[in-house]
Amino acid sequence: MKIVRKMALLGIAGLLAAQTSAQTNGNMLQLVQESYNHSTLYEAIKSAELETMLTGKGPYTLFAPTNDAFTHLPAGDWEELKHSEKKRDLADFINYHVVEGRYSEQDLRDAIRKGNGEAKLKTVSGGKLTFRLVDNTVVVTDAQGHDAALNASDMTATNGVVYIVDSVFLKK
């Protein structure tokens, strides 16, 4: 049931992603900045001083949590991460949502098939995300076992791919 709810939420996000993708061919940071549903992520990227990475050559794949996704973090966690003295922790948190390489939805599906139903990708922060198919939808699982259905409409940027997710990923 949890996955089904997330897929319904991502149906709306998919329409937004398609609109954003059609309107811009910018870099990953520009795609996040132009999305009203990712202002929290954008501010976090700026606070962690990760703009250069997301505007650079790449390529990267970013799993971009929506504003609402941040409200589901345990009480106090997000406030603690946002403080300037926690900049390194904030960067690590964001980098857990980024993998090196350009992974289209088809690339992820192919990797899952080659991995006999599961694919693991190393994040820029050094953690791992696990991908599998659930009812023909690509689902990503973080280190704590939280699932997020990927938006079927990946947004292609000049330096990578951005997926909208309705969950934040936690490394530990």
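User: How many bridges join E1 to E2?
Analyst: In this predicted model, E1 and E2 are joined by 3 bridges and run antiparallel, and within that pairing Tyr60 stands opposite Glu100 of E2.

User: And how does E1 pair with E8, parallel or antiparallel?
Analyst: Strand E1, covering residues 60–65, pairs with strand E8, covering residues 160–165, in the parallel sense over 6 bridges, and the bridge partner that Thr61 finds in E8 is Val161.

User: OK, what order do the strands of that sheet come in?
Analyst: The order is E2-E1-E8-E7, which makes an open sheet of 4 strands with mixed pairing. Strand E2 (98–100) and strand E7 (155–157) stand at the edges, and because each has a single partner strand, one side of each is left without a neighbour in the sheet. From one strand to the next, the twist averages 20 degrees.

User: Back to E1, which way do its side chains point?
Analyst: Tyr60, Leu62 and Ala64 point one way, while Thr61, Phe63 and Pro65 point the other way, and all of these residues are buried. In general, side chains in a regular strand alternate between the two faces of the sheet. With 6 of its 6 residues buried, E1 is therefore largely enclosed by the rest of the structure.

User: Changing topic, how much of the chain counts as buried?
Analyst: Of its 172 residues, 49% count as buried, and the accessible surface of the chain comes to about 8600 Å², with 49% of that area belonging to carbon and sulfur atoms.

User: How many helices and strands are there?
Analyst: The chain has 8 helices and 8 strands.

Note on methods:
Residues are numbered from 1 along each chain as its sequence is written. This is a predicted model: local features need pLDDT of at least 70, side-chain atom pairs count only at pLDDT 80 or more; totals for chains, interfaces and linings use all residues. Side-chain values use heavy atoms; hydrogens and water are left out. Helices (H or I, at least four residues) and strands (E, at least two) are DSSP runs, numbered from the N terminus. Buried means under 20% relative accessible area, exposed over 50%, partly exposed in between (1.4 Å probe, protein chains only). Accessible areas come from the Shrake-Rupley method with a 1.4 Å probe; for residues, only the protein chains shown count as cover. Two strands pair if DSSP finds at least two bridges between them. Axes are lines fitted to C-alpha atoms, for helices over the stretch in contact, and angles run from 0 to 180 degrees between N-to-C directions.
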